[in-house]
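Please examine the sequence and the model displayed below before reading on. The explanation is meant to be followed with the structure in view.

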Amino acid sequence: MDPEAVRRTLEPTASAADISGSTPYDSFVISGVRLEAAEHGRVLCSFVVTPRIASPQGYLLSGVTATLADQLGSAVFFSSGVGTSGVSLEISVSYVDTAAVGEEIEVEAKLLRAGKSVGVVSVDFRKKRSGKLMAQARHTKYLAVSSRL
């Protein structure tokens, strides 16, 4: 496991260039995310819902949740010692509750499987105060090294 690789992709000061395969939107979303723990096959983070990542009605935007599932799911592969974060094949997110501005959200990403070419991660978003599930994501990635065609 390379905790520094995980930290480099998740620190609030990360730029788009620091986040593997990211865009300026990714670094906008990941800004403010605190890495709480990184161990083999598991990454735990938290963040507070702020107005910049909320809808006009004051709730966390669903696109932010999906982007975090993508970025934190990728970080789990680094924490597992997989040499690449791969390419997303599928991301599914089930939204079961809302999160309002000011609420702290805890995100736990866990490796479910890392095979020779495909890996799968689950990402749970919970309200830190109550432990209530807010969203659950599953992220499938292609991990094989590309050929030299």
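The model is a predicted one, in which local features need pLDDT of at least 70 and side-chain atom pairs count only at pLDDT 80 or more, while totals for chains, interfaces and linings use all residues. Residues are numbered from 1 along each chain as its sequence is written, and side-chain values use heavy atoms, with hydrogens and water left out.

The chain contains three helices and six strands. Helices (H or I, at least four residues) and strands (E, at least two) are DSSP runs, numbered from the N terminus. Read from the N terminus, the order of the elements is α-α-β-β-α-β-β-β-β. Of the 149 residues, 40% count as buried; buried denotes under 20% relative accessible area, exposed over 50%, and partly exposed the range in between (1.4 Å probe, protein chains only). The chain exposes about 7600 Å², of which carbon and sulfur atoms supply 52%. Such areas come from the Shrake-Rupley method with a 1.4 Å probe, and for residues only the protein chains shown count as cover. Among the contacts in the chain with a separation of 6 or more, 63% are made by residues 24 or more positions apart; a contact here means heavy atoms within 4.5 Å.

The strand pairing may be followed from β2. Strand β2 (residues 42-48) is mostly covered, with five of its seven residues buried. Strand β1 (residues 34-39) pairs with β2 in the antiparallel sense over five bridges, where pairing requires that DSSP find at least two bridges between two strands. Within this pair, A37 stands opposite L44 in β2. The hairpin of β1 and β2 has two residues between the strands, and G41 takes a positive phi near 80° there. Strand β2 is also joined to β4 by seven bridges, and these two strands run antiparallel. F47 stands opposite I105 in β4. In a regular strand the side chains alternate between the two faces of the sheet.

Which charged side chains meet in this model? A search of the whole structure finds eight salt bridges, each defined as a side-chain nitrogen of Lys or Arg within 4 Å of a carboxyl oxygen of Asp or Glu. One of them joins E39 and R42, whose closest N and O atoms are 3.6 Å apart. E39 counts as partly exposed because its relative accessibility is 40%, and R42 is likewise partly exposed, at 21%.

K127 takes part in two of the salt bridges described here. With D97, the closest N and O atoms are 3.1 Å apart. K127 lies in strand β5 and D97 in the loop between β3 (87-95) and β4, so this pair ties together parts that are 30 residues apart in sequence. K127 is buried because its relative accessible area is 13%, whereas D97, at 23% relative accessibility, counts as partly exposed. The side chain of E103 also meets that of K127 in a salt bridge, at 3.6 Å from N to O. E103 lies in the loop between β3 and β4 and K127 in strand β5, so the pair ties together parts that are 24 residues apart in sequence. E103 is partly exposed, at 22% relative accessibility.

Two individual residues complete the account. H139 is placed in strand β6 (residues 133-142). Is H139 buried or exposed? H139 counts as buried because its relative accessibility is 0%. The side chains of H139 and S88 are joined by a polar contact of 2.8 Å. A polar contact is a pair of N or O atoms within 3.5 Å; within protein, one must be able to donate a hydrogen and the other to accept it, and residues adjacent in sequence count only if both atoms are side-chain atoms. Leaving aside neighbours within four places in sequence, the residues in contact with H139 include A69, D70, G73, S88, E90 and V120.

S117 is found in the loop between β4 (104-114) and β5 (118-127). With a relative accessible area of 31%, S117 is partly exposed. S117 and L143 are 26 residues apart in sequence, yet 4.8 Å apart in space, C-alpha to C-alpha. Beyond its neighbours within four places in sequence, S117 is in contact with K141, Y142, L143 and A144.
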